Amino acid sequence: MAHKSEDLFDCILMADDRFHGEGYREGFDEGTRQGMIDGRKHGASHGAKLSMEVSFYYGFGITWKCLLQNNTDVKSRKRLKALESLLGLIQKFPHEEPHYENLQEDMEKVRAKFRQVCSLLNVPTDFSDYVKTGGSGGISF
Amino acid sequence: MWLKFNAHPDSRCWYVAWNPKGTLLASCGGDRAIRIWGKEGDSWECKTVLQDGHQRTVRKVAWSPCGNYLASASFDATTCIWKKKNDDFECLTVLEGHENEVKCVAWAPSGNLLATCSRDKSVWIWEVDEEDEYECVSVVNSHTQDVKHVVWHPTQELLASCSYDNNVCVYKEEDDDWECRATLEGHTATVWGLTFDPSGQRLASCSDDRTVKIWKECQPEEGTDAAWKCVCTLSGFHGRTVYDIAWCPLTGALATACGDDGVRVFKEDETADPDQPVFSLSAHVPKAHTQDVNCIAWHPKEAGLLVSCSDNGEIAVWNYQSEV
């Protein structure tokens, strides 16, 4: 008898808390879902930018390597050495690992190497013309 | 005892450098010019003006160890190499690559290497070959902010740089590439200048935090890199930012250029423990100039001779006599 009346009052007294709790949980779940969506978008775009940069350097390196590899003069050999170093740094990069702790440091090393190679080849480093963001432009033939 | 003259009219004089023989003085400034001064009797006369080398302020000049070349670092993002031909200089080549203002240039004692640093946070090391061709050997991005100064070790192939990020970095060559081997933390504001002691065992740095720190290389444990420890801090002597510092190669005295318009000379206490050096203020000229003193340099041959330059465009030559 006493048990039943407690339940009855509980319903009313705890209603506030109960709704509060339910609302919180619903909001939390919704937030988590939305956060995942936003996070994925952000990660994808950031990853794409980084990849674009690294791949550019790689393609650049391979192209110049092909152009210079048949030259035997001292200057070309020095340039090839620097190019090999650039390609090596990129190949060592763990492409699949977003949590790689030295990501920033290694990217800086790659960028610095790229600038040095450009200086040796006498090529300007500004490649913003080639990198078009958001998928607009792209390559035209 | 001193002599003062106006070097860069209506603009700042940023830097002064003695040539290795001590017969010429090179100065550079906000008027985009480099001036070469020679002693005529008791005064200094301007022998040459290099006006068209740069499009913006020339921040620093450096003589090659042989004295035949002059390098100039400019806010126009280039470094110019000048070759001395009798009394004139001709521009040999222009080193490009930095993204923005080049803050400093320095020749290695061997004469084969050159270092430059910039607001783009990087330090570049260049190699010169017998045909006077300059090639970039390394680009190092160890600082997180504007790099203010680079200086070479007097005897080893070691480079040090300092920055707006409050740190000093020390670089060594490893496998044809230059890497940062040590980061010296301790200053609480921009580090503006660096100088090695005559033996190269210690490095002095000066900063926006109004102190001077002396660093010593500690013997490394097996397998680890050498570490540099701060063995002395000179604080309470400077009223404002210390912009430049120079260690006399002949006497071991330490001179500083300060934003409070003063020039100071510190002497080391001979009796102190070498691992805990003690420096005391030996001379102080409170109003050496009417504005910030940007640079201070000891004469390479004549002990006690000092030159300083200031934001007011003046160069002053000083004679320091220490009471023994």
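Me: What makes the span of helix H3 of chain A close to the expected one?
Reply: In this predicted model, H3(A) covers residues 74-92, which is 19 residues. Its first and last C-alpha atoms lie 27 Å apart. At 1.5 Å a residue, 27 Å is expected. The two values are close.

Me: Which residues of H3(A) are buried?
Reply: They are Ser76(A), Arg79(A), Leu80(A), Ala82(A), Leu83(A), Leu86(A), Leu87(A) and Ile90(A). To be called buried, a residue needs a relative accessible area under 20%.

Me: How do you know that the buried residues line one face of H3(A)?
Reply: Look down the helix axis. The buried residues fall within an arc of 165 degrees, so they line one face. On the other side, Val74(A), Arg77(A) and Lys92(A) are exposed.

Me: What do the buried residues of H3(A) pack against?
Reply: Two helices of chain A: H2 (15-68) and H4 (103-121).

Me: How many residues of chain A are in contact with chain B?
Reply: 11 residues of chain A are in contact with 16 residues of chain B. Together the chains bury about 1100 Å². Carbon and sulfur atoms account for 39% of that area. Lys78(A), Arg115(A) and Gln116(A) supply 42% of the area that chain A buries against chain B, more than any other three residues.

Me: Why is the pair Lys78(A) and Glu135(B) called a salt bridge?
Reply: The closest N and O atoms of Lys78(A) and Glu135(B) are 3.3 Å apart. The cut-off for a Lys nitrogen and a Glu carboxyl oxygen is 4 Å, so the pair qualifies.

Me: Which helix gives the most to the side of chain A that touches chain B?
Reply: H4(A) does, with seven residues. H3 and H4 of chain A each supply at least two residues of that side.

Me: Why is His153(B) called buried?
Reply: Its relative accessible area is 1%. Buried means under 20%, so His153(B) passes the test. His153(B) sits in the loop between strand E14 (147-152) and strand E15 (158-163) of chain B.

Me: Leaving aside neighbours within four places in sequence, what is His153(B) in contact with?
Reply: Pro109(B), Leu158(B), Phe196(B), Ser199(B) and Gly200(B).

Key. Residues numbered from 1 in each chain as written. Chains lettered and ligands numbered in written order. Predicted model: local features only at pLDDT ≥ 70, side-chain atom pairs only at ≥ 80, totals over all residues. Heavy atoms only, no water. Helix = DSSP H or I, 4+ residues; strand = E, 2+ residues; numbered from the N terminus. Expected span 1.5 Å × (residues − 1). Buried < 20%, exposed > 50% of the residue type's maximum accessible area, 1.4 Å probe, protein only. Arc of directions from axis to C-beta. Contact = heavy atoms within 4.5 Å. Buried area = accessible area lost by both parts, 1.4 Å probe. Salt bridge = Lys/Arg side-chain N within 4 Å of Asp/Glu carboxyl O.
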